Amino acid sequence: MAEFEMLTIQGLGVSFDGFKAVDDLNFIVDRNELRVVIGPNGAGKTTLLDLICGKTKSTSGSIMFKTMDLTQMKEHDIVRAGVGRKFQTPSIYENLSVSENLEVSFPRGRSAFGALFFKRAADVIDRVHKVAEEVMLLEKLDHQAALLSHGQKQWLEIGMLLMQDPELLMLDEPVAGMTVNEREQTAELLNRISKNRSVIVIEHDMEFVRKIAHKVTVLHQGKVIAEGSMDKVTADPRVIEVYLGH
Amino acid sequence: MSHLTKKLGKADLLGVVVLSAVILVLFPSVFGIFRLNLIGKYLTYAFVGVSLVLLWGNGGILSLGQGVFFGLGGYCMAMFLKLEASDPIATKIQTTPGIPDFMDWNQIVKLPLFWLPFKSLTFTIIAILVVPALFAFLIGVAMFKRRVGGVYFAIITQAVALILSVLIVGQQGLTGGINGITDLKTMHGWDIRSDSAKYILYYVNGALLIGCVVFTRWVLSTKFGMLLLALREKEDRVRFSGYDVANFKTLAFCMSAVMCAIGGAMFTLQVGFMSPSFVGITPSIEMVIYTAVGGRMSVVGAVFGTLLVNFAKTFFSEEYPDLWLFLMGATFIAVVLLFPDGLAGLYDRYGKPFVLRRAARAHSKPKATEPNVAVATALESGGKHG
């Protein structure tokens with residue numbers, strides 16, 4: 001492997017009023033890898049994503065995305081560098097249509113004046129269609145986003161991220177609140193989109209994790225306590241004790 | 001569905017046509033010059049109403065200090081007109097002839113430096129557009145880059161309005177103080193107090209207002225407009241889609257400031273004076289009420305809302321001089337509680353379905369079946385907000 005890793009986190013820490021939500025964390029994600037992060041509530045999973053995308057500023061350590069240190073960058077610059085992040089509750093623009101939601105996420109016309117003179121060119125429409133098809137919303141393109149089901153909203157947000165074609169995609173509990181059928185489809189979707197990018201997924205549903213994970217990282221009290229294949233991790237006595245056992 | 005959106009776009013365009021007809025044809029043919037001049041004054045407030053549709057209705061940024069920008073535009077224009085009205089011959093009885101009368105009363109013997117460029121009409125017109133934009137830019141950068149928003153932003157804009165009005169009142173020698181800048185007479189020798197001038201100014205004002213309405217509708221139809229709506233709902237989602245949110249808010253704030261300033265300048269021209277009573281907290285909040293009554297999402301609605309509230313205000317204050325402020329407040333509360341989308345919301349619910357039905361019948365049904373292009377046309381018909 002001559003190339004640098006997609007994401008290298010070293011000695012990362014953040015404390016809120018003395019409480020260490022993430023503590024001396026080391027974490028590496030390869031290219032084209034789908035990594036799942038699991039752990040009990042309060043383990044620091046969402047905080048980890050917040051730190052990577054710049055929503056929360058770290059107090060120590062570094063987050064190298066390829067060759068860039070994300071801890072020194074602004075949120076929108078991190079996104080433009082190629083890091084996309086989906087929030088835990090579906091974060092879509094309910095007042096806009098599905099196609100508008102996707103179009104607004106297209107990575108052109110990102111400056112204020114650029115947006116004013118942004119043209120809905122053929123390549124934009126094309127991309128909206130491709131992504132809509134990918135996230136199974138082609139038939140819903142001109143529906144108002146508020147009218148989508150919960151699962152479809154989750155897909156739409158994933159679609160909005162795909163519009164930007166990020167190299168690193170982070171999904172916070174993408175199947176929460178989904179039906180069994182929708183979980184199935186989401187697992188297939190994630191397997192498809194992780195073909196040419198790295199993906200980090202936070203998830204509680206172990207059955208779902210088994211379907212998608214290349215590797216699993218277990219967090220506990222802001223630290224990595226186990227990492228490896230699903231079988232290896234679920235057999236680890238410490239993981240059983242803090243997470244699986246109860 | 002796409003058929004419907006197309007129709008909706010047409011119905012909204014209809015609003016602009018109706019508005020233009022009302023302002024440019026109906027009012028001048030029904031009212032005499034006195035009433036028309038009064039309506040012209042109300043229409044200058046409508047610039048602020050339109051600016052708030054952009055900023056507050058769509059962007060979710062509530063500014064309670066739009067009077068600041070209205071005042072800046074108005075004062076720029078008033079300074080030019082005052083200098084022209086203060087030529088040495090007209091002011092020869094003063095201790096220092098050639099300076100505005102209020103300066104003379106305040107023992108000022110030389111025109112202050114910042115007044116000097118306002119001898120030029122070209123500079124004045126540029127200043128009307130640039131000064132408020134620059135001021136809004138400074139406030140915008142200072143607030144939005146620090147992520148000050150919502151209620152805090154509203155309070156700070158209110159504080160700015162208070163500070164500016166106090167400053168104007170306090171610096172009587174430089175600004176005319178509480179009385180404002182009065183006794184404005186001519187613009188490049190053209191008597192703005194004559195009936196013919198009032199007619200012309202009314203039409204210029206109306207045309208500029210319609211221009212602002214069309215401009216705002218265009219802005220809202222672009223990706224910028226969609227992002228404003230998106231920002232109002234999910235600011236974090238926009239930020240984490242790669243947009244520098246502060247820049248978008250700042251630009252929207254600057255645009256709204258310039259519109260207010262044009263209104264202010266036209267106010268000065270039509271009414272013949274400018275005073276701090278249009279800068280402070282009360283006028284700024286009143287202007288928000290116009291927009292709320294008209295419908296904060298509708299550009300055309302904001303204009304009608306402004307007219308309605310001002311007609312009501314004139315009526316109430318003539319009929320019930322002691323009660324009118326309470327009646328105004330009650331109107332506002334009633335609108336917010338009963339019709340949160342204002343007049344435009346009422347029209348959307350009851351008027352538009354009727355118009356659409358009529359339009360559908362008139363157009364019969366030549367191309368009712370177009371299932372495959374439905375998606376493409378939906379994508380292309382972006383301009384349906386307004």
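Is A:Glu75 buried or exposed? A:Glu75 counts as buried, because its relative accessibility is 9%, where buried means under 20% relative accessible area, exposed over 50% and partly exposed in between, with a 1.4 Å probe and protein chains only.

The model is predicted: local features need pLDDT of at least 70, side-chain atom pairs count only at pLDDT 80 or more, and totals for chains, interfaces and linings use all residues. Residues are numbered from 1 along each chain as its sequence is written, chains are lettered from A and ligands numbered from 1 in the order in which they are written, and side-chain values use heavy atoms, with hydrogens and water left out.

A:Glu75 forms a salt bridge with B:Arg147, the closest N and O atoms being 3.0 Å apart; a salt bridge is a side-chain nitrogen of Lys or Arg within 4 Å of a carboxyl oxygen of Asp or Glu. A:Glu75 lies in helix H2 of chain A and B:Arg147 in the loop between helices H5 and H6 of chain B, so the pair joins two chains. Helices (H or I, at least four residues) and strands (E, at least two) are DSSP runs, numbered from the N terminus. B:Arg147 counts as partly exposed, at 47% relative accessibility.

Within chain A, A:Arg120 and A:Glu103 meet in a salt bridge of 2.8 Å, N to O. A:Arg120 lies in the loop between helices H4 and H5 and A:Glu103 in helix H3, so the pair ties together parts 17 residues apart in sequence. A:Glu103 is buried, with a relative accessible area of 2%, whereas A:Arg120 counts as partly exposed at 24%.

The structure holds 26 salt bridges over all chains.
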